[in-house]
Amino acid sequence: MNFEFSPEQQMLRKTVRQFVDEEISPFIAEWDAKGGFDPQIWKRLADLGLMGVCIPEKYGGSSMDYNSLAIVCEELERGDTAFRTAVSVHTGLNSMTLLQWGTEEQKERFLVPQAKGEKIGAFGLTEPGAGSDVAALMTTAVRDGDGYILNGQKTWISLCDIADHFIVFAYTDKTKKHQGISAFIVERTRGGFSSKAIKGKYGIRSGNTGELFFDDVRIPAENLLGEEGEGFKIAMAALDNGRFTVAAGACGLLMACLEESVKYCESRSTFGKPIGEHQLVQQMIANMEAGYQMSRLLVYRAGEMKNKGIRNTRETSMAKWQACDFANKAADDAVQIHGAYGYSDEYPVARYLRNSKAPVIYEGTREIHTIMQAEYVLGKREDKKLNRMLPAWPFE
């Protein structure tokens, strides 16, 4: 067991933290209020090599390990959840799925420009009537000659109006239920495709989230990801990667809550002494620190399993569940520490609380992860090696 970060990882953390402090934190309150961030951020992320941080160099990436992706997500969410979400979706859900399941031709066409930051990728699984119950999805892909005709709708899709490529899940044979779902790579330029942003979100307001619509969209057969009927398996493998990045980001939000709360404790006094000297305030600070330290251990353990090429669904589920719950509680306590000021936009903790709720819901609600963990312990769930595993690090 090695709890030390390498010099390269330490430099990466320093680079991303400086980027957040200089190019996100000074503007995030304004971006959050207006519901969108400066699109130049995408270019800066690409310039820093963060759009393909854990993608092999031969596919346009930086060839860093999977825990380096966790470092990026942790530091970005310290600035705001919207930026971690962007990397989670682009890299965790899309690019890493292409790396694991794509053909060489698909990797050249789609993964390389995404890893370089020339194109942006997203992920389309959730529907108005299908969230945790994936088998309830209604989108269909009907074979037609040398391709498929895609019809349906997706919702709560991050980067819906921004992404160039989407991994979309649809039924190719509804009679087979989970085994009848297939995955497709869909370009925005396809005829019949459209998207629409969702307005009035409670949190992550500067991030783009919305709906995708497919009206007789023709998809060539070479855009089928994996085999017909492998879509559910591909989706679950993708969620292992997405949940890993969400958990890492929650560590960043915990860090931000701690930093702001300690700062406020040092500047605010009540009953003749700094509020940090009151035991119940200290209790909240201590709980934040405990949550932060435990969450990081869970996250970086899952990352090390990824590095070794070991399936980590169980470990990643635990990390996502616990880190997101800890972050949500920490944000609530941070508002409490700030008192009435925490209920305003004068301090960032109100934004932290709003942002902290979505990760408790998406990519597996806390209830889903609770059931998963119980099933593992009771021997009712077992993860088998997939026919295509995420490549171990260092990459060949």
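Is the crossing of helix 4 and helix 5 left-handed or right-handed? The crossing of these two helices is left-handed, where left-handed describes a near helix turned anticlockwise from the far one by less than a right angle, and right-handed one turned clockwise. The model is a predicted one, in which local features need pLDDT of at least 70 and side-chain atom pairs count only at pLDDT 80 or more, while totals for chains, interfaces and linings use all residues. Residues are numbered from 1 along each chain as its sequence is written, and side-chain values use heavy atoms, with hydrogens and water left out.

The contact (heavy atoms within 4.5 Å) includes Leu 69, Cys 73 and Leu 76 of helix 4 and Phe 83, Val 87 and Met 96 of helix 5. By class, its residues divide into eight nonpolar, three polar and two charged, with Ala, Val, Leu, Ile, Met, Phe, Trp, Tyr, Cys and Pro counted as nonpolar, Asp, Glu, Lys and Arg as charged, and the others, Gly among them, as polar.

Helix 4 (residues 66-79) also meets helix 1 (residues 7-23), the axes coming within 9 Å and crossing at roughly 20°, so that these two helices are roughly parallel to each other. Helix 1 passes helix 4 in a right-handed crossing, and the contact draws on residues including Leu 12, Val 16 and Val 20 of helix 1 and Ile 71, Val 72 and Leu 76 of helix 4.

The largest pocket holds about 1400 Å³ of space. A pocket is an open set of points on a 1 Å grid over the protein atoms alone, where a 1.4 Å probe fits, with protein on both sides within 12 Å along at least five of seven lines, and lining residues have an atom within 4 Å of a point. Its lining comprises 49 residues, of which Leu 239, Arg 243, Tyr 362, Glu 363 and Gly 364 lie nearest the centre, and helix 7 gives the most to this lining, with seven residues.

Key
Grid points are joined across faces, edges and corners, and a volume is the space filled by probe spheres set on the points. Helices (H or I, at least four residues) and strands (E, at least two) are DSSP runs, numbered from the N terminus. Axes are lines fitted to C-alpha atoms, for helices over the stretch in contact, and angles run from 0 to 180 degrees between N-to-C directions. Angles under 35 degrees count as roughly parallel, over 145 as roughly antiparallel, 65 to 115 as roughly perpendicular and the rest as oblique.
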